[in-house]
2 protein chains.
Amino acid sequence: VVSAIGQGMAGHAGVSGRLFGAMGSAGINVVAIAQGASELSISVAVAEKEALRAVRAVHTAFGLTRLVHLVMVGCGRVGKELLRILEQTQTKLLEELDLQLRLVAVARSSKFIADGAGLSPGSLTPLWASAENRPTDPELLARVLEEHFTDGILVDVTATDTTELQLLALRSGLHVVTANKVPLSQNLAQYHEIMKACRKLGVRYNYETTFGAGLPVLHTLGELVNTGDELLEVRGCLSGTLGAICSWLDEGLPIREAVRRAEERGYTEPDPREDLSGRDVARKALIIARASGMELEPADVALEPMIPGLEVGLDQALQAAEGPLDERLAVAHSKGAVLRYIAEIAPGRVHVGLSEVDKLSPIGSLSGPDNIFVFRTQRYREHPLVIRGPGAGVEVTAAGVLGDVLKIATSGRRPPRS
Amino acid sequence: VVSAIGQGMAGHAGVSGRLFGAMGSAGINVVAIAQGASELSISVAVAEKEALRAVRAVHTAFGLTRLVHLVMVGCGRVGKELLRILEQTQTKLLEELDLQLRLVAVARSSKFIADGAGLSPGSLTPLWASAENRPTDPELLARVLEEHFTDGILVDVTATDTTELQLLALRSGLHVVTANKVPLSQNLAQYHEIMKACRKLGVRYNYETTFGAGLPVLHTLGELVNTGDELLEVRGCLSGTLGAICSWLDEGLPIREAVRRAEERGYTEPDPREDLSGRDVARKALIIARASGMELEPADVALEPMIPGLEVGLDQALQAAEGPLDERLAVAHSKGAVLRYIAEIAPGRVHVGLSEVDKLSPIGSLSGPDNIFVFRTQRYREHPLVIRGPGAGVEVTAAGVLGDVLKIATSGRRPPRS
């Protein structure tokens, strides 16, 4: 028995007509009907195996299914995985959350495809082949954004500077979900511009996957701050690459071999100096600091590179670093400690560098490419709150992006602020 | 300059009248005004120091501030702390989230106070003194529930069987936030009745603090499942009391002294057998298993008590346990392992008992009263996602309850399901 209408529809005219129209279009056979005089409540009997489809059809007809439009920029490894899980989860989302995510546009560096009626995430390949070559042009995207959406999300899975595009989306009233840390980690004026656009239009900007991939770090930080806690310090290992290298140093591997092994396993950026400079960790630390309310410029992050002197060349820098590193490591090991590349974020102070930590502490016991985040707050001052797990990876990042989309799609719009 | 109205109000008649009325009632001096012909946009200049109050006044006048009603049952240690942080955070919530939480009723075992206009969370003491002695009577509460609320939350911080009360609230269209694990950990039919009531009325039931206090465990589980991940296993230490005892055993303390020390520090229940029986851990494990979609009765949890034979008496049971425990511990230590009281939740199987784990593993390196949760899923199969931190405590539990309230208060209502 499906009695999906209930009180919500009280007083609406023509309820029964819409109801039966919806059931008819869905090809569902109505076995029996009971209706009160007021159309306040209508019950319909259908075969059990058709019940779920019937409920869905009725919800869609009465606007109870939430339809959210997605515009996706970036179609690299994370983007492709996101398409895969969008395809995989769509039935589940509709059945369990009454939610339909409709992909209406996808842009990659040289091509752009859009269809307001919805693109099938699993069947884009032929569309790419026949799409004209045209770089993602903000004008074109602006038109797409305007055509649609009371309820839309720009999903940014690129790694380039998309600030302008994100601002365009926010000002068009779209929410933004980004795995791209570039727009958030440049100068403070730009950061403020993004946050101001969100407040002004009451749209949301979710960026859980700009650090720690799918780990619930930003969620945790937000909940602590919103419930009135005071952040004393976030401390953590934010680079899987440097984490793996530190573990191999513990095992006695010389730094040159540790870096080579990281390259071989595909852990490093194409140029490993990007990782070894600590710049990537510094960007992530800056994003966490700003999310905690600190007003900092990139230059305010005190950055000690994992390997100094990289500007002269990788091999030379590694060779020069080997002696001093071995020495520090021997000192650390003799005290039951290890070296870890750590970001420390405390009010007014962000530091990124190699530090000695107790081998049995949560950070010291970390091994391999995992990330770890240790929160000390007024409430968690004696026993910190710790989150640990893979902080990189295509699968967990794409899932985290979908998680950010769902946070918006299952929640209300906040009112705009002046 | 306050220009809080914007496009949202387009087409509404009498905007300027309501606007100036609101400013006037708030005692805010309007310095200058600019208005378009259509009332689509009205800008008002006020003194900078009055800007925030002005925005708030306007938002409230136009219904942009969300008003959520709280009915609280239980006024023990967690309840009192919750009242304290409600008082402490109310200004922040209004300013930052445009959210007003209005406490309209508080019940404790023998007394009940209610005021639809709002109770001040920090000033209940005189009200309790003058309140009549009357136990919380579901009839009375039902009347309070009916009087109010398009948007209300029952907050349950008791530790008794409040199933009937919770069902009454859910069926009245209130959301429920509970730190009380009793209603969720009894027979399956009752669990289904709660979940069915939520689906039917589209209300939410948040219970993050029924295990792991304020740690974001349920949030993480929900996000993994919603984004299409498949749970392989949750493994963890869910009792701070038993965690502390296991740590002291590692340090060589005999079990009797470890239990005595836990009692002295206030870690145990009044009767320590409640902890040592493992029943509390079994309840939490059952809640996690059910949240993961497993249909299990309490008897389906395979429970090995921390200390067997407790029914004959605590001292006798501890004495009998000492020899075998010392032996197991010596075997474990000789292998670089430790003993931990672990809950394992895997599809179709829930087990709670003392197990040997590698000292350097995330669970093995846990010490003191912390909780730990290790998630293995399809996505996190090689490197698990780990959450660790205090799993008990008045302050973190009350904050977690407020976090659960905010998840509802900042999000939309889900449509009811048949």
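These legends describe close-up views of a predicted model. Local features need pLDDT of at least 70, side-chain atom pairs count only at pLDDT 80 or more, and totals for chains, interfaces and linings use all residues; side-chain values use heavy atoms, with hydrogens and water left out. Residues are numbered from 1 along each chain as its sequence is written, while chains are lettered from A and ligands numbered from 1 in the order in which they are written.

**View 1. Chain A in outline.**
Chain A has 14 helices and 14 strands (DSSP runs numbered from the N terminus: helices are H or I, at least four residues; strands are E, at least two). Of its 418 residues, 55% are buried (under 20% relative accessible area; exposed is over 50%, partly exposed in between; 1.4 Å probe, protein chains only). Take the contacts between residues at least 6 apart in sequence: 65% join residues at least 24 apart (contact means heavy atoms within 4.5 Å). Chain A exposes about 17400 Å², and carbon and sulfur atoms supply 50% of that area (Shrake-Rupley method with a 1.4 Å probe; for residues, only the protein chains shown count as cover).

**View 2. The surroundings of B:Gly74.**
B:Gly74 lies in the loop between β3 (66–73) and α3 (77–97) of chain B. B:Gly74 is buried, at a relative accessible area of 9%. Beyond its neighbours within four places in sequence, B:Gly74 contacts B:Gly79, B:Ala107, B:Val157 and B:Thr158. B:Thr160 is 86 residues away along the chain, yet the two C-alpha atoms are separated by 9.4 Å.

**View 3. A tilted tyrosine pair.**
The whole structure holds six aromatic pairs over all chains (rings of Phe, Tyr and Trp, the last by its six-membered ring, with centres within 6.5 Å; planes under 30 degrees apart are stacked, over 60 edge-to-face, the rest tilted). One of them joins B:Tyr205 and B:Tyr207: the centres are 5.8 Å apart and the planes stand at 55°, so this pair is tilted. Both tyrosines are buried.

**View 4. A stacked pair, B:Trp248 and B:Tyr267.**
The rings of B:Trp248 and B:Tyr267 are stacked, 6.2 Å centre to centre with 5° between the planes. The pair links distant parts of the chain, 19 residues apart. B:Trp248 belongs to helix α9 (residues 240–250) of chain B; B:Tyr267 is in the loop between α10 (255–264) and α11 (273–276). B:Trp248 is buried at 7% relative accessible area, whereas B:Tyr267 is partly exposed at 30%.

**View 5. Arginines over tryptophan rings.**
The charged end of B:Arg261 sits over the ring of B:Trp248, 5.1 Å from its centre (NZ of Lys or CZ of Arg within 6 Å of the ring centre and within 35 degrees of the ring normal). The charged end of B:Arg108 sits over the ring of B:Trp128, 4.3 Å from its centre.
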